[in-house]
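Open your viewer and get ready to click along. This tour tells you what to select next and what you will find there.

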Amino acid sequence: MLTIYGVYRSRAARNYWLAGELGIPFKSEPIIQAYRLADPNAADAPPHTRTSAFLKINPNGHVPSMDDDGLRLHESLAINLYLAKKHGGPLGPANLAEDSQMTMWSLWAANELETHALQVLTHRAGKPELRDPKLAQAAIDTLRAPFAVLDQALADSGHLVGGRFTVADLNVAEIVRYAMAAPELFSAAPRVKAWLDACHARPAFKAMMAKREQEPA
Ligand SMILES: N[C@@H](CCC(=O)N[C@@H](CS)C(=O)NCC(=O)O)C(=O)O
């Protein structure tokens, strides 16, 4: 049985979205980020990332984690690459070349985009008292070049690998989503905009977001 540890308002969202795309059964263990709790040590605190029970599952103290019949994995993008390969079909790689390209795009998004996209999210759409427009602008300036790379990569087929929607699109789209509070990035990269809109029109994405909306902000 597949268990995904994490709330929908976390990077576990990308795993819930993929599980929906694959149509696989799974159990969700709603582990919330400790920093989102007023008092993580309170007796009535919900299960969170810094409990001793969860640290035994993931010593990093982060969500998501996954357990699949005893195989324990952390790192949201690695979990998705594993699930796409295990369950096969068009979302996963058809051969080693596609597998490598899917890995490449996932690592690219984690390394080239994620930190800066999270800065956009925090400083353009986060708690108003914590926003710093200068940090938002610096992140947006940094993201212009990788957005141009992504825009060009989408020129041929509108997808990243194999001319179809795959786990590579999903992994990258979930990171690009954090930058949506910077519309200027998308107007400069119209293929990225069209691609992200198409990703977000998928029923499994909408189902994941609906669950996310049900969770407290
Ligand atoms: N690179 C990791 C990052 C995991 C991560 O930082 N998760 C955040 C939530 S999105 C977390 O669990 N923070 C809780 C904490 O640090 O206590 C991944 O992609 O899975």
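Start with Arg11 and the ligand. A polar side-chain atom of Arg11 lies 3.1 Å from an oxygen atom of the ligand. Keep in mind that you are looking at a predicted model.

Next, select Thr49. Here, too, the side chain is involved: one of its polar atoms lies 2.8 Å from an oxygen atom of the ligand. Now move to Gly61. This time look at the backbone, where an N or O atom lies 3.5 Å from an oxygen atom of the ligand.

How much of the ligand's accessible area does the protein cover? On its own, the ligand has 510 Å² of accessible area, and the protein covers 84% of it.

Show the surface next. Which pocket holds the ligand? The ligand sits in the largest pocket.

Now select the residues around the ligand.

Is the peptide bond between them cis or trans? The bond from Val63 to Pro64 is cis, and its omega is near 5°. Pro64 itself is in the loop between helix H2 (52–57) and strand S3 (65–68).

Follow the chain on to Asp69. Asp69 lies in the loop between S3 and strand S4 (71–74). Check its backbone angles. Asp69 is not a glycine, yet its phi is positive, at about 50°.

Zoom out and switch to the cartoon view. How many helices and strands does the protein chain have? Count nine helices and four strands. Trace them along the sequence, and the pattern reads β-α-β-α-β-β-α-α-α-α-α-α-α.

Along its principal axes, the trace of the protein chain spans about 55 × 45 × 25 Å.

Note on methods
Residues are numbered from 1 along each chain as its sequence is written. This is a predicted model: local features need pLDDT of at least 70, side-chain atom pairs count only at pLDDT 80 or more; totals for chains, interfaces and linings use all residues. Side-chain values use heavy atoms; hydrogens and water are left out. A polar contact is a pair of N or O atoms within 3.5 Å; within protein, one must be able to donate a hydrogen and the other to accept it, and residues adjacent in sequence count only if both atoms are side-chain atoms. Accessible areas come from the Shrake-Rupley method with a 1.4 Å probe; for residues, only the protein chains shown count as cover. On a 1 Å grid over the protein atoms alone, a cavity is a set of points where a 1.4 Å probe fits but cannot get out, and a pocket is an open set with protein on both sides within 12 Å along at least five of seven lines; lining residues have an atom within 4 Å of a point. A molecule sits in a cavity or pocket if more than half of its atoms lie within 2 Å of its grid points. Helices (H or I, at least four residues) and strands (E, at least two) are DSSP runs, numbered from the N terminus.
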